Amino acid sequence: MSEFSSSEEVIDEKSPESIEELLERLVGHYSPEEIEIIKQAYEFSEKAHEGQIRRSGEPYIAHPLSVAAILSDLKLDYTTVATGLLHDTVEDTDVTLEDISERFGESVANLVDGVTKITQMRFRNTHEKQGENIRKMIVAMGKDVRVVLVKIADRLHNMRTLTHMPFKKQSRIAVETLDIYAPLASRLGINSLKVELEDLSFRYAYPDMYYELAQKVAKKKKEREKYIEDVQRLLSKEIKSRSKTKFEISGRPKHLYSIYKKMNMRSIDYEQVYDVLAFRVCVDSVPECYEILGVVHAMWKPIPGRFKDFIAMPKANNYQSLHTTVIGPQAERIEIQIRTDEMHVIAERGIAAHWNYKERSRGESGSEEMDLGKYNWLRELINLHKQADTSDEFLETIKTDLFESEIYVFTPKGEVKEFPEGATPIDFAFSVHTDVGTSVVAARVNGKLVPLKYKLQNGDNVEVITSKNQTPSKDWLNFCVTGRAKSKIRAHVKQEQRIRALSLGKEIVEKTFRKHGANASKYLKGEAFESYIKDQGCAGLDELYIKIGYGKLMPIHVAEAVLPKQEEKVEEDFSENFISRAFKSAVKKKKKSSSLVQVDGMSDILVRFAKCCNPIPGDPIMGFITIGRGLTVHRSDCVKAYEFDPDRRIDVEWSEGMQAQEGRQIVLRVVSYDSPGLLRSMTEVFASMGVNIHSAQMKATKDKKAVGNFDVTVRDTEHLSQVTDALMKLKGIIGVTRITRT
C-alpha cells in the first residue's frame, strides 16, 4: 500500500457543523430522494440523542454527523451514510431495531444491528478482546462489509476527538487502533483512512516520539516544499517533451508513522532517512503507466531492487500501481508511483469503491450484494473464523494474513501466488489444495530441493513434492504462517487426537468393566444407557469414548451409572482399597505433608504439586494417587494430567482459608512494546506487589515488540490477578498471561 500522506484527497477532515453542510456535500453524488432519507435519518438521530453531551462539551449528534460525513466522502451508498447517522441509537438511546426497520427499512436496521453487536462486546482481558473484536468484525464483513466500514469511520472520528479522553484511555484506544483498525483499513484497501488512523494513533500511543519527529519534519518544511515544486516541474517538462499522454503529478512527504516505522526497522535517525518524499503520476491507461515509467528511468537513475509492479501483480486488497525509487535532483532518493485514475480511486477508497453511484441504479441499495471475487483473502478469513475454536486461536491464525507485508511467488505453470512475508513451502502447498498440503514431503525452489521450513522469497518458482504416506506434523505449526495452513494442520491434528482418544477411551472403559467382572458391550446399550449418554452431552457411544479418552469423563462414573448395585460394590472396594493403601503410605511421610489441599476433609497427607502447571491456591485442581508417593496435584486444564490412568484420579480441593505461606512459583509472559525503561517499570510493579522474581528472560521481536518470561512467586489467584492488573496499567504493555512450563 502507498505510504503517501494523502488522506485529505478523499476524506475531508473538517467535520460538518450542521446537517445542511453535510447535505451540500452530497449534491451530485446522491439522488434527491436519497438525500431526503439521509436528512430524515439525521432528524431521527438528533431527537433520539437529545440531551446527550460528548466529553468535548458538544451535543452528541455531532459524532454521528461526522461519521456520516466520512462515509459520504468515501462515496458509499446512502444506506451506509444513513447508518452512520443512526449507528449509536440502539446502544445509547431507547430506540429499538424495530423502530429503525419500520422507519428506514430492513437494510439500514441490519447494518445498525451489526455495528451495535461489535460495540457491545465485553471481554475478560486485552488479548481476548483483540481476538474476539477481530473475529466479530470478520463475521460482520462476511454478512455485509459495510458494517465494518461504519465501525472504522466511527473509530476515525473518535481518534480525531481523542484529546478529550483521559490519558490512560488515549493510549489504550490508540494502541488498539494501531493493532486492529488501521490494518483492517489497509487490508480493505482504504489508504485514506489507514494513513490518518496510523498518524493519529502514533500521536496518542507514543506522544514523545510523535512530537519529536513532527518537530524535525516541520523544520525542513519550506525546503521540502521547494524541492517538491522543482521535481514536479522537471518531471512535467520531460513527460511533455517525450509523450502526448495526459497526466497529473502530485508530491507530498510520507506520513509520520511510515517514517517512524522506517527509522525503527533500520535502527536509524530521522536525518538518515532519505526517501521521505513520494510523487504520484496519474494517467488514463495501463500502457501509459509503463510509458511514464520509461520516462522516469531515463531522467533519473533507478535504485536496484526498489521497483515493484503492482499492476501486473495486484495486492490482495486489489491495490494496483507501479512503484519505483530513483536518485532525483540533488542526489535525493524519491519514490514515484504511477497509476491510472481508476487505480487511484481504488487505492484511496479500496473496497468502498465498489459502490459507484453514477453507474448503479437508484433503487434500494441495501439489496445489492458485493462480489468478493477480488477479495479472496476476506473469504478465506471468514472460513478461518468457522474453523477456529477460540478467539485466541483465531487471532493467532489471522494476524499474519491480516497485518504483514506480501511476497509473490510462481507456480510451475507460471501463475502468481501471494503470501505473507516468512511463508514456507507448506503455506504454498495448502494454498494449492488441502490434500496437497497434508501430503507434502519436500519442495523445489528455483529447481533446487529445500527444507519445508525454507522461507520463500519474492520471485521464487515453487514446486512441491507429495506422498500418499505423509500426514501433517504438529511441528509444522512452528514455521508455517498463513491462516489457511495453520487452520488445516490444526484440524488434522485434532482429528488424529480424536481418533486416539476414541481408542484410548474404549480401552479404559472395557478395562474398568472387567474390574467389575462385567462385559462392557452388555451394558453400553439400551434405553437407560442412551438416556445416560444424552445427559452427558454425547451424541453416541463413540463420543462417550472420546470424552473419556480426553479425561473429561471418568469411566468409574459410567460403571456406577449402568451396572447393577452388587457389581458396583466390587469397584468401590477396589477404589477404596487402592486409595486407602496410597494414603496410608503417604501419611507415613508427614514431614513433607502440606495443609494447602485436602481430600474428604483430610489435609495431613503427602502432596506433590506438578511442576508442569504449578497450581496455586484458587486454581481449579485435580489429584492423581500413586502407591508409596502420595498425591500429585495438577491444574484441571493441565494437558499432562490426562496422560495418567483415569482410575487413579481423585477429587481434591484447596483447604478453606489456607494460603501458601512462602508463595508458589509460576511463569508470567509479558508482551509489550520495545520501549526504554519499561523493564524497570515492570520490576518496580513486582516489588511493590510483594512478588519475588526468581529469573527473567527478555527477547525483542522483529516488529519492535518485546516478550518477557518472568519466573515469579505469588500467593494465590487473587494475588496473581492484582499483579496482572497492575502490569496492564503500565504504558506500553500489550498483554500478560500465565504460561505452562514445557
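This is a predicted model: local features need pLDDT of at least 70, side-chain atom pairs count only at pLDDT 80 or more; totals for chains, interfaces and linings use all residues.
Local features need pLDDT of at least 70, side-chain atom pairs count only at pLDDT 80 or more, and totals for chains, interfaces and linings use all residues. Numbering starts from 1 along each chain as its sequence is written, and side-chain values use heavy atoms, without hydrogens or water.

**Whole chain**

The protein chain has 28 helices and 22 strands. Helices (H or I, at least four residues) and strands (E, at least two) are DSSP runs, numbered from the N terminus. Of its 742 residues, 51% count as buried. Buried means under 20% relative accessible area, exposed over 50%, and partly exposed in between (1.4 Å probe, protein chains only). The accessible surface comes to about 36400 Å², and 48% of this belongs to carbon and sulfur atoms. These areas come from the Shrake-Rupley method with a 1.4 Å probe; for residues, only the protein chains shown count as cover. Among contacts with a separation of 6 or more, 67% join residues 24 or more positions apart. Contact means heavy atoms within 4.5 Å.

**Helices α1 and α3**

Two packed helices are described by the angle between their axes and the distance between the axes. Helix α1 (residues 19-26) packs on helix α3 (residues 62-73) at about 5°, with the axes 10 Å apart. Axes are lines fitted to C-alpha atoms, for helices over the stretch in contact, and angles run from 0 to 180 degrees between N-to-C directions. The two helices are therefore roughly parallel (angles under 35 degrees; over 145 is roughly antiparallel, 65 to 115 roughly perpendicular, the rest oblique). On the α1 side, Ile-19, Leu-22, Arg-25 and Leu-26 take part; they meet Leu-65, Ala-68, Ala-69, Ser-72 and Asp-73 of α3. By class, this contact has six nonpolar, one polar and two charged residues.

**Helix α4**

Helix α4 (residues 78-86) is mostly covered, with nine of its nine residues buried. Among them are Tyr-78, Val-81, Gly-84 and Leu-86.

**Cysteines**

The disulfide count is zero, where a disulfide is a pair of cysteine sulfur atoms within 2.5 Å.

| Residue | Relative accessible area | State |
|---|---|---|
| Cys-538 | 9% | buried |
| Cys-613 | 4% | buried |

**Ala-48**

Ala-48 lies in helix α2 (residues 32-48). Ala-48 and Asp-88 are 40 residues apart in sequence, yet 9.6 Å apart in space, C-alpha to C-alpha. Leaving out residues up to four places away in sequence, Ala-48 touches Thr-89, Thr-93 and Val-95.

Key. Ala, Val, Leu, Ile, Met, Phe, Trp, Tyr, Cys and Pro count as nonpolar, Asp, Glu, Lys and Arg as charged, and the others, Gly among them, as polar.
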